[in-house]
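Take a look at the model below before reading on. The report goes through it part by part.

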Amino acid sequence: MAIASNESAMRSSNVTRMFIYLVLLLFALFYLLPFGIMLVNSLKPLSEITEGNMIALPREWTIEPWLSAWSTAQIGVEPTGLRPYFINSIAMAVPAVAISTVLGALNGYVLTKWHFRGATWIFGLLLFSCFIPFQIVLIPMARILGILDIAGTTYGLILVHVVYGIGFSTLYFRNYYAAFPTELVRAAQIDGAGFFQIFWRIMLPSSGPIIAVCCIWQFTNIWNDFLFGASFASGGAAPMTVALNNLVNSSTGVREYNVHFAGAIMAAGPTLLVYIVAGRYFVRGLMAGSVKG
Amino acid sequence: MGFLDINNVTKSYGAVEVLHKVDIQVQEGEFLVLVGPSGCGKSTLLNMIAGLEGISSGEIAIKDRVVNNIAPAKRNIAMVFQSYALYPNMTVGKNITFGLEMQGTPKAERDKAMADVAQLLQIENLLDRKPGQLSGGQRQRVAMGRALVRDPDVFLFDEPLSNLDAKLRVDMRTEIKKLHQKLGTTIVYVTHDQIEAMTLSTRIAVMYDGYVQQLGTPKEIYDNPANLFVATFMGSPAMNVLSSKLVEMNGAIHAQITGAEGQDQHLRIENAPDAYRAYLNKEVMLGIRPEAITDPEGADRNARNIQMLTNTVSVTEPAGADTFVSTTLSGKDCIARMRADADVHPNQPFEFAVNMDKAVLFDPKTEDRIA
Amino acid sequence: MAAPDPMLAGGADFRTRLQTWLPKIVLAPSFAIMVIFVYGFIAFTVYLSFTGSRMLPSFDLVGWQNYDRLFRIREWDIAVSNLFVFASLYIVISTIIGLMLAIFLDQKIRGEGILRPIFLYPMALSFIVTGTAWKWFLDPGIGIEHSMHLWGFENFQFDWIKDRDMAVYTIVIAAVWQSSGFVMAMFLAGLRGIDNEILKAAQMDGASNFQMYRRIILPQLRPAFLSAFVILSHLAIKSYDLVIALTGGGPGNATAMPATFMYSYTFTRDQMGIGAASAVIMLMTIAAIMVPYLYAELREKK
């Protein structure tokens, strides 16, 4: 019986499978198309976009839009191109990722291996802080940055991203270390290793994957942030996303769509590169952030 | 004062006391096994000796030094964990010498100590491997090596064999026993396996519900269990416990039980302690181990009081060396352990030989042994 | 559980005592940061929402006045109803597409290793990039409508992004494009986690493929549905970047959302009290979804 029904399922499945493949390919096209159009049009002269077809290969290939977006395009009032803002974003993201990851690792280690009363509460509060709408902290944060005299600077943004990155980095390390055998910590204690020795010699050497997950997640989030950048670092210290938005939405002059596209790809570049190189860890980070398993 | 003194130690989590006034003195060279079902407090007690958990009240002393406030590493103890807890990122050699390194022992000395231990445990060829490349038995050896290399006052074992398959477990059991005999070290060993407890220990502490139910040599525990819990926990198959009534017939005390067809059966008790008299004509629990119920030819020749009892056999279970025979007594399945060639068949009456020398009585209310 | 109890501390030597305190010392900075920058700031914003703050924070309490006014501002009404439309469509469509792709990919598809990363890559992009791409792609002057005209479909019309009534749906399109692949990944993980023996048993019981999905598999994906719902709704309520990049809240204020409303009232229109009140409402909405979810998750693990 079961075999028979299996066979009939097999027979009908040729048509079904064709359909499945067709749908999957259409969706692949749906996901690829916008980025593909950006890429293609970033290599066209402007006239080919305004007068020609957006969904067509360039007749005349040019890297002029890329050069313009990088070093000469008008961002706000200055014709600096996106380059200084790209550097801003790097200068902001690298330290913020490093600091929040280190803190997250230590927190996760403490919360799982040195359990004390109230630890679950602390973790719960940290966890909730990952999901607050950041609008709720914008006003006081602007005040504090002003008081600390780092408003409108990259330092200010580093502080902001560390503060609101700790929740997720702690979440990652806590869940990872929760599955790390506690007996190893006990054995090291009996062997005479102290708090930091255990962390350094026992925990960290086994933490490679979660460090990758955490760094990638933090980097993607911080690089892609727009709200904090727009709120706290307008002008010369603005990150890449804010500069791109300024480029695209500047109301003066001719709209250079090809330059916009080139700029957008530049803004997407670093996170996309990370995704291509280490997609496995990126997906793991996404999942760990959603299914708090 | 013993070598390791556990004096009136309790453990509480908040208002809940999980370990009640444990009092054990361990002599140098002793092999003490803490045995009991999960949640009985045996691992908690072991962790308290190790310093991995605090002591709520009472004292633990090693070589007359109170260690309550001393960090685990400074108690001069070593521990073998259930999962072996080998550091996955270090080689076997590093695993063994990590503790010495933490204590600042010079490298030359560490290497010497490692070589000695490796030779003792025959793991010289494994020293450069990572734990992930070892089999279960090899990991077990490395874990013991890590403990041995420190030459501690007391060895603590936390269910070290429970992750091994049945055959390897028996081999390693023998090996641990040999090691103990050879080195004469003091060992506290936690297990839930009563056979491990019986075979390895010089003394056993049977624990249940946070209390030490009985502390004694394996023979004392097996032959004279202090209460119903100890009686049924130790031994496999478990001791048969039959509700019965003590009656006086012909000037001797008898245990009266009910046979498979509801008929009264009487088993004479000789050399009854005086305490039994107080229970005349009252309910008691009669405990008889399966091996004390046999066929007549298989009965213990040294026994002085074999009582015959005819009853219907319900099931026979040949197990190779022995055959287990079930029969209904006092409304319960009662198991007898016989030679494999005993001529016994289900649903037929059979004459059982009951060695009443080995029978023990328990008070049905307090569940303590009557003696 | 693992740590030596603080009980060890009394009477122990300094190093031992230090070891028992180290974990708390290490956790302290993060704890302080969280208390001040998250919960302290929330408290501050809540307080501001009851004051008459305009361009700068002031501390004169005005009771519920800001909330009262907020609910009578037409733009807030638009923002809330936009969010409702956007969030519902975004969640439903992303879930349907994600689930469908996951089920299809789970049919031992050749090339799964190539398709999966393609479905998921938009999640790595900034919403600003997504917004830029779709902004020009949907622009009737140069985008898809223009292309269709060039291909001879003179009557093809797709100008939603310029249409007050339809613009909000373009945000749905871009947002679905960005995150449906992520939903696919969640469902795929759920599907792969289902015990194979249960499926074999169902097959033995004579269940058809369709019945198998409806009766056996989908019910077991409940946790994935729940996670998808929580994550998507949380993303929807927070969505700010995409709206700014795609429509800038326009045409007019046709695609305003609570997040853009809060920003413009606080920082451009100098109505900080009302901005704070709108932020508090956003927080409450997210809390109503996240708190029970997180509580249940933490409970389960204990």
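Residues are numbered from 1 along each chain as its sequence is written, while chains are lettered from A and ligands numbered from 1 in the order in which they are written.

**Confidence in chain A.** pLDDT is the predictor's confidence in each residue, from 0 to 100. Chain A averages 85, and 93% of its residues score at least 70. Helices (H or I, at least four residues) and strands (E, at least two) are DSSP runs, numbered from the N terminus.

Residues 1-12 of chain A have a pLDDT below 50. Beyond near neighbours in sequence, this stretch has six contacts in the model. Two residues are in contact if their C-beta atoms, placed from the backbone, lie within 7 Å. Where pLDDT is low, the predicted coordinates should not be read in detail.

**Chains A and C.** Their contact takes 79 residues from chain A and 85 residues from chain C. On the chain A side, 55 are nonpolar, 20 polar and four charged. Here Ala, Val, Leu, Ile, Met, Phe, Trp, Tyr, Cys and Pro count as nonpolar, Asp, Glu, Lys and Arg as charged, and the others, Gly among them, as polar.

**The core.** The largest nonpolar core has 288 residues. Such a core is a set of buried Ala, Val, Leu, Ile, Met, Phe, Trp, Tyr and Cys residues joined through C-beta atoms within 7 Å; buried means 20 or more other C-beta atoms within 10 Å of a residue's own. Helix H7 (residues 167-192) of chain C gives the largest share, 16 residues. Leu156(B) is among the residues with the most contacts inside the core. Its partners include Leu46(B), Met79(B) and Val188(B).

**Domains of chain C.** The assignment, automatic or from a database, gives domain 1 (6-48) and domain 2 (73-301). Their C-alpha centres lie 38 Å apart. Four residues of domain 1 and six of domain 2 make the contact.

**A sheet in chain B.** Five strands form an open, antiparallel sheet, in the order E15-E19-E16-E17-E18. Strands pair if DSSP finds at least two bridges between them. Strands E15 (293-294) and E18 (332-339) of chain B are the edges. Seven bridges join E16 to E19 of chain B. Thr310(B) has Glu351(B) as its bridge partner.

Notes:
This is a predicted model: local features need pLDDT of at least 70, side-chain atom pairs count only at pLDDT 80 or more; totals for chains, interfaces and linings use all residues. A residue is buried if 20 or more other C-beta atoms lie within 10 Å of its own, exposed if 12 or fewer, and partly exposed in between; C-beta atoms are placed from the backbone. Lists of a residue's contacts leave out its neighbours within four places in sequence.
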